[in-house]
Amino acid sequence: MKFKHGTRRRAAEYEKDWVRRWKDDQTFERSVAQRPADNAYVFYDGPPFITGVPHHGTLLSSIVKDAVPRYWTMKGKRVERRWGWDCHGLPAENFVEKQLNITDRRQIVTSSDQPAPLDKDGQPLPTISLEKYITKACESMVANSETWQGVIDRIGRWVDFTGAYRTMDKDFMESVWWAFKQLYEAGKIYEGEKVLMYDTKFATPVSKAEVTMDNDAYQTVTDPSVYVKFSLMDEDAAVLAWTTTPWTLPANLMLAVNPEMTYCEVEVDGEKLILAEEALERTLQDDKHQPLDYDVLRTFPGSELVGKTYQPLDTGSNWPENDKVHTIYAADFVSHESGTGIVHIAPAYGDDDFELAKRHDISAFHVIDDNGYYTDSNYTGLEVWDNNKFIAKDLKEKGAVWKIEYIRHEYPFNPRSKQRIMYRAIPSWFFDIQGQKPLMLEQNEHINWFPAHLKHGRFAKNIEQAPDWNLSRDRFWATAMPVWKGD
């Protein structure tokens, strides 16, 4: 029979008929009920965020996931496929805050006597109580479920929507508490403090996986790089440290040198400066990168600098009362490949900094609050990222900065907030990944990977390099951690 144009049914019509037929016949439900419970195949599927709507990316993965349970059903297995919704996390809070027109997390207040935050112009921002915020979040989490169900039906995926779980349901959160308790009693969860990726816009730690999930996680930015003079106590000379993060200078507690490297004391423009021998030519240049005239007064090993004390910077910071601070320490991570061979150490804002301070019983010293505003210095009330250049110029005017240059370098951004990420010491609860690595690597050998090179490639390397897992987040809308502390 010759095909005639317009006689064939449109796909949009017959796909609806098939969906209706499956529902009328209960085809999916019968495929489960006809197979014994003791011959089950369990398929774990990470739930989508209920805040978004289906798109090509989610539908592609959904179709692939549907192929696996269908295959094992045809092999005679009982495959129950229960749908779920992820109702917590930053996407959920973003969704709610857009609805409430919240642009600054400080607008969410936890008590009636909490003062309203101020914007950049000093004007009070509108606030919302935490109770109203939570109520709105709960209401918003059911908005898109019908849209998802219609689309999932149309692509032919068989799942149980009637018994769908939600991460905000009390019984689900109680199951999280149960798991936490089991792990805690097994000695696999501990409280500690580590330097983590931190987002000041959302006022929370973020995991590296969250930050690097998009290709544009690292962006090229222009920042001031400053050469800072730290005057030695009882000596007519200053050590010259280099940093690309002038915003951390109000938190400086230490300096680090490499005891095996060679350092020089030089006289340039009437000042005596100390820096690594390898750094002389690249550092001692004018603004046009022309070499400056200088005299080398003496040469000595870095070990001679270890233990010397220096005057703290004039930043107005309330320095901790500890006779170990503002002292020069030895560190093997100091190299001559960049900078001056002398590293400024702010233990609260760098991993190497924090670990070096910890070895010498020096605690992290914070000068910035959870939302990225200075609380303890001449810069109190200023937002950190807006004032990075200002701090560099301010210290230059005060004579603490010898030279300012500008560099272009890659900096991590949170794809969700479009905000720079800082590294910040945070007290958190951690899962002991280090103690589980041998077992995880052994179990990896039993997984059939496609493509095969992932087994000993990306996945094995991820296990080998994984830090302990930070379980806690500073959230308004999430599962509370089941931890209570007495006095």
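Biologist: Where is Trp 484 found?

Modeller: Trp 484 is found in the segment after strand S17 (469-470). Strands here are DSSP runs of E with at least two residues, helices are runs of H or I with at least four, and both are numbered from the N terminus. Before we continue, residues are numbered from 1 along each chain as its sequence is written, and side-chain values use heavy atoms, with hydrogens and water left out. The model is predicted: local features need pLDDT of at least 70, side-chain atom pairs count only at pLDDT 80 or more, and totals for chains, interfaces and linings use all residues.

Biologist: Is Trp 484 buried or exposed?

Modeller: Trp 484 counts as exposed, at 68% relative accessibility. Exposed means over 50% relative accessible area, buried means under 20%, and partly exposed lies in between (1.4 Å probe, protein chains only).

Biologist: Which residues make the nonpolar surface patch of about 350 Å²?

Modeller: Val 176, Trp 177 and Trp 484 make that patch. Patches consist of residues with over 30% relative accessible area and no salt bridge; nonpolar side chains (Val, Leu, Ile, Met, Phe, Trp, Tyr) are joined within 5 Å, and like charges within 9 Å. The areas come from the Shrake-Rupley method with a 1.4 Å probe, and for residues only the protein chains shown count as cover.

Biologist: And which residues form the negative surface patch?

Modeller: Glu 267, Asp 269, Asp 293 and Asp 295 form the negative patch. Asp and Glu count as negative and Lys and Arg as positive, while His and the chain ends are not counted. The place of a charge is taken as CG of Asp, CD of Glu, NZ of Lys or CZ of Arg. Glu 267 belongs to strand S10 (residues 262-268) and is partly exposed, with a relative accessible area of 31%. Asp 269 is in the loop between S10 and S11 and counts as exposed at 68% relative accessibility.

Biologist: What is phi of Asp 269 near?

Modeller: Phi of Asp 269 is near 50°, a positive value in a residue other than glycine. Lys 418 also has a positive phi, near 60°. Lys 418 sits in the loop between strand S15 (401-414) and S16 and is exposed, with a relative accessible area of 60%. Most residues other than glycine have a negative phi, and most peptide bonds are trans.

Biologist: Then where is a cis peptide bond?

Modeller: A cis peptide bond joins Phe 450 and Pro 451, with omega about -10°. Pro 451 is in the loop between helix H12 (437-444) and helix H13 (455-465).

Biologist: Changing topic: how many salt bridges does a search of the whole structure find?

Modeller: The search finds 26 salt bridges. A salt bridge is a side-chain nitrogen of Lys or Arg within 4 Å of a carboxyl oxygen of Asp or Glu. One of them pairs Lys 181 with Glu 185, whose closest N and O atoms are 2.9 Å apart.

Biologist: Why are Lys 181 and Glu 185 separated by about one helical turn?

Modeller: Lys 181 and Glu 185 are separated by about one helical turn because they are four residues apart in helix H7 (residues 170-185). Lys 181 is partly exposed, at 45% relative accessible area, and Glu 185 counts as exposed, at 53%.

Biologist: What about Arg 420 and Asp 223, are they buried or exposed?

Modeller: Both Arg 420 and Asp 223 are buried. Their side chains meet in a salt bridge (2.9 Å, N to O). This pair links distant parts of the chain, with Arg 420 in strand S16 (residues 419-431) and Asp 223 in strand S7 (residues 218-231), 197 residues apart.

Biologist: Finally, how many helices and strands are in the chain?

Modeller: The chain comes to 13 helices and 17 strands. Its radius of gyration is 29 Å, well over the 23 Å that the globule rule gives for 487 residues, so the chain is more spread out than a compact globule. That radius is taken over C-alpha atoms, and the globule rule is 2.2 Å times the number of residues to the power 0.38. The C-alpha atoms fill a box of roughly 100 × 65 × 55 Å along the principal axes. Buried residues make up 43% of the 487 residues.
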